[in-house]
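Here's a quick briefing to go with the model you have open. Take a look at the fold, then read on.

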Amino acid sequence: PSSTLIVNIAEQVALPIAGIIFTFVIIWELISMLTMSNTLGDVDIVSVIIKWLLKTVVAAWFIANSLTICNCFFGIGADMVSKTNVVFNEQVATVTNDSGKAIQDFFNKNFNSETDATGDELGQLLSLGILTVILNLVMKAMSICITIVLYSRMITIYMHCAVAPIPIATVTNQHMQQTGMNFLKSVFALAVQGFLMMICVAIYGALLANVLDPSSVKLDLEKNPVQHIEVLNECVLQCVGLSILLVYTMFQTA
């Protein structure tokens with residue numbers, strides 16, 4: 001429904017305005033081409049008319065297919081996201097899940113609440129519980145922030161598509177073409193943002209897998225049987241930091 005709404009707005013509201021701009025632009029373009037020489041006697045009327053007609057046809061095609069042009073950009077972005085998602089699932093997601101399961105099994109095997117959580121170590125368990133609560137809150141806040149980013153980018157895309165015919169009407173005019181070209185650059189940037197977000201998530205997954213990698217955890221349980229609690233505290237802190245970093249980089253993709 002939202003896509004149909006945007007198409008109707010573009011065709012019924014923006015397109016008539018683009019037609020007015022188009023009329024002004026082609027007249028201005030013809031006058032500019034005729035007055036480029038000092039005198040009209042130096043002007044090759046035939047070549048000017050042919051060039052002007054070509055520019056007019058191209059400009060009309062751009063306006064009539066403005067939404068199609070935008071969809072082409074977003075199609076490129078969607079294809080990049082799709083291929084990145086495949087690579088992410090093959091190289092990052094599986095490793096992260098395996099590392100998380102491995103470190104969970106490691107702590108379940110080496111942690112005994114009846115023998116390890118005694119004396120001064122109760123404070124470490126309390127700090128671990130507090131850090132776990134903080135991590136849970138950070139994850140919920142991260143989910144909300146990422147949802148806001150995604151929805152805001154989608155709304156921005158819809159807004160660009162709704163007004164697309166207006167700036168695209170200026171693409172072929174030598175005096176105003178920067179307006180249309182800058183708009184197309186903005187559309188392409190919006191299309192690539194999804195790809196950049198996937199890169200952020202992939203880097204986050206790789207860093208998280210490194211934090212949870214059991215091979216990087218060096219413990220001496222005989223000399224310090226509660227050392228794994230300290231390590232788990234450190235892992236939780238790093239996860240909190242990485243989650244905050246992910247949200248920050250998501251906002252930076254704009």
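Arg153 sits in helix α5, which covers residues 121-162; helices here are DSSP runs of H or I with at least four residues, strands are runs of E with at least two, and both are numbered from the N terminus. This is a predicted model, so local features need pLDDT of at least 70 and side-chain atom pairs count only at pLDDT 80 or more, while totals for chains, interfaces and linings use all residues. Residues are numbered from 1 along each chain as its sequence is written, and side-chain values use heavy atoms, with hydrogens and water left out.

- Arg153 is buried but makes no salt bridge, and the nearest side chain of opposite charge, Asp79, is 20 Å away.
- Buried means under 20% relative accessible area, exposed means over 50%, and partly exposed is in between (1.4 Å probe, protein chains only).
- A salt bridge needs a side-chain nitrogen of Lys or Arg within 4 Å of a carboxyl oxygen of Asp or Glu; for charge, Lys and Arg count as positive, Asp and Glu as negative, and His and the chain ends are not counted.
- Leaving aside neighbours within four places in sequence, Arg153 is in contact (heavy atoms within 4.5 Å) with Gln193, Met197, Met250, Phe251, Thr253 and Ala254.

**Helix α7**
- Gln193, one of those Arg153 contacts, is also where α7 bends by about 30°.
- That bend is the angle between axes fitted to the seven residues ending at a residue and the seven starting there.
- Helix α7 takes in 35 residues (177-211) and should span 51 Å; its end C-alpha atoms are 50 Å apart, so the two agree.
- The expected span is 1.5 Å times one less than the number of residues.

**Cysteines**
- The disulfide count is 0, taking a disulfide as a pair of cysteine sulfur atoms within 2.5 Å.
- Cys161 is in no disulfide, and the nearest cysteine sulfur, that of Cys70, is 4.7 Å away.
- Cys161 counts as buried because its relative accessibility is 8%, whereas Cys145 is partly exposed at 26%.

**Ile45**
- Ile45 lies in helix α2 (residues 45-64) and counts as partly exposed, with 46% relative accessibility.
- Met33 is 12 residues from Ile45 along the chain, and their C-alpha atoms are separated by 9.7 Å.

**The whole protein**
- The secondary structure comes to 8 helices and 0 strands, so the pattern along the sequence reads α-α-α-α-α-α-α-α.
- Of the 254 residues, 35% count as buried.
- Among contacts with a separation of 6 or more, 81% come from residues 24 or more positions apart.
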